[in-house]
Amino acid sequence: MTTTATERAAVRKESPGADGPRRRPGRIRRAGLPYLLLLPALILELLVHLVPMVIGIVMSFKELTQFYIRDWGTAPWAGLDNYAMSVDFNAPVGEALLHSFLVTVAFTLLSVGLCWLIGTAAAISMQDTFRGRGLLRALFLVPYALPVYAAVITWVFMFQHDNGLVNHVLHDQLHLTDKPSFWLIGDNSFYALLTVSVWKGWPFAFLIVMAGLQNVPRELYEAAALDGAGVWQQIRRITLPSLSAVNQVLVLVLFLWTFNDFNTPYVLFGKAAPEAADLVSVHIYQASFVTWNFGAGSAMSVLLLLFLLAVTGVYLAVTSRGRRTADA
């Protein structure tokens, strides 16, 4: 028996591939384990995002109105008619969509710019150690931590015409207006929406910039101070260049979130947003669920998706090229 075992061991040494087939299945199983663990998340992603997206694209090519809600698959095929109606800016539907798009662009640019500016300023001011810094950081994050509906409903009460806090401060105490203003209707609705968006969005910018500042060595600021650089020169020459990669991602995320924001205007104004605050997200909702033209609403959604994909692609291409140029 000992001789037989020795011979088998010798055979294994002479045949290196003998154990290969028996080890390979184990290696395959170990290599496939990460993909197996990711499979449930991928399936949920397909069910939650991709499948409704594909259904929405199919609906955009159908004449889907309230008469076909029971069985939308029987709706007549409309081809590109819904898209042509949406981009016909001389017709009422296209003109309203264009106005909503321009309002959304102006709102997004102002909101993203103010969120980034306030968040960056707050993050820089919180870098130095002082008593109460932890409490201030926690307070700064309160608007971001609050549920959207609770926060926006609070602002609805504050914007009330007769007994709202905003009019009480601006008109009764500071006397900045001749009479109490209507903030939830008319042209002032744009400023009300912008205020709420910035209030609940800048803490996210503050959090991201503050995390990015942790990677900036303090020795750079000490050396700059020894060379006679002031606070603004340090921010311009050290802080902002060090945060370029963080800011590129932050601005893109804020842009996508703000441009697609539906909860804030819907809770603030209801189903019918004022003309001055008619964002694309609410406009598509009205086209789909108020006028019951789901085909046109789906076409507008697809156009919005294509626009955001185009902007994202151009933004990433420009920022990547700028990063490569800076590295070179």
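**Reading a helical chain: burial, aromatic pairs and pockets**

Reply: Of the 328 residues in the protein chain of this predicted model, 34% count as buried.

Me: How many helices and how many strands does the protein chain have?

Reply: The protein chain has 15 helices and zero strands. Among its contacts with a separation of 6 or more, 65% are between residues 24 or more positions apart. The accessible surface comes to about 20,500 Å², and carbon and sulfur atoms hold 67% of that area.

Me: How many aromatic pairs are found in the whole structure, and what describes such a pair?

Reply: A pair of aromatic rings is described by the distance of the centres and the angle of the planes. A search of the whole structure gives 21 aromatic pairs. In one of them, the ring centres of Phe 204 and Trp 257 are 4.7 Å apart. Their planes meet at 50°, so the pair is tilted; planes under 30 degrees apart would count as stacked, and over 60 as edge-to-face.

Me: Which helices hold Phe 204 and Trp 257?

Reply: Phe 204 belongs to helix 9 (residues 188-213) and Trp 257 to helix 12 (residues 244-259). The two residues are 53 residues apart, and the pair links distant parts of the chain.

Me: Is Phe 204 buried or exposed, and how does Trp 257 count?

Reply: The cut-off for buried is under 20% relative accessible area. Phe 204 has a relative accessible area of 12%, so Phe 204 is buried. Trp 257 has 49% relative accessibility and therefore counts as partly exposed.

Me: Which residues form one aromatic cluster?

Reply: One aromatic cluster is formed by Phe 262, Tyr 266, Tyr 285, Phe 289, Trp 292 and Phe 294.

Me: How much space lies in the largest pocket, and which residues are the closest to its centre?

Reply: The largest pocket holds about 710 Å³ of space. It is lined by 23 residues, of which Met 53, Ile 284, Ser 301, Val 302 and Leu 304 are the closest to its centre. Helix 2 (20-59) supplies the largest share of this lining, nine residues. Helix 14 (280-290) and helix 15 (294-327) each supply at least two. By class, the lining has 14 nonpolar, eight polar and one charged.

Me: What is the volume of the second largest pocket, and which residues are closest to its centre?

Reply: The second largest pocket has about 300 Å³ of space. Its lining has 16 residues, and Tyr 144, Lys 200, Gly 201, Trp 257 and Asp 261 are the closest to its centre. Helix 9 gives the most to this lining, with four residues. Eight residues of the lining are nonpolar, six polar and two charged.

Terms used. Residues are numbered from 1 along each chain as its sequence is written. This is a predicted model: local features need pLDDT of at least 70, side-chain atom pairs count only at pLDDT 80 or more; totals for chains, interfaces and linings use all residues. Side-chain values use heavy atoms; hydrogens and water are left out. Buried means under 20% relative accessible area, exposed over 50%, partly exposed in between (1.4 Å probe, protein chains only). Contact means heavy atoms within 4.5 Å. Accessible areas come from the Shrake-Rupley method with a 1.4 Å probe; for residues, only the protein chains shown count as cover. Rings of Phe, Tyr and Trp (its six-membered ring) pair if their centres lie within 6.5 Å; planes under 30 degrees apart count as stacked, over 60 as edge-to-face and the rest as tilted. On a 1 Å grid over the protein atoms alone, a cavity is a set of points where a 1.4 Å probe fits but cannot get out, and a pocket is an open set with protein on both sides within 12 Å along at least five of seven lines; lining residues have an atom within 4 Å of a point. Grid points are joined across faces, edges and corners, and a volume is the space filled by probe spheres set on the points. Ala, Val, Leu, Ile, Met, Phe, Trp, Tyr, Cys and Pro count as nonpolar, Asp, Glu, Lys and Arg as charged, and the others, Gly among them, as polar.
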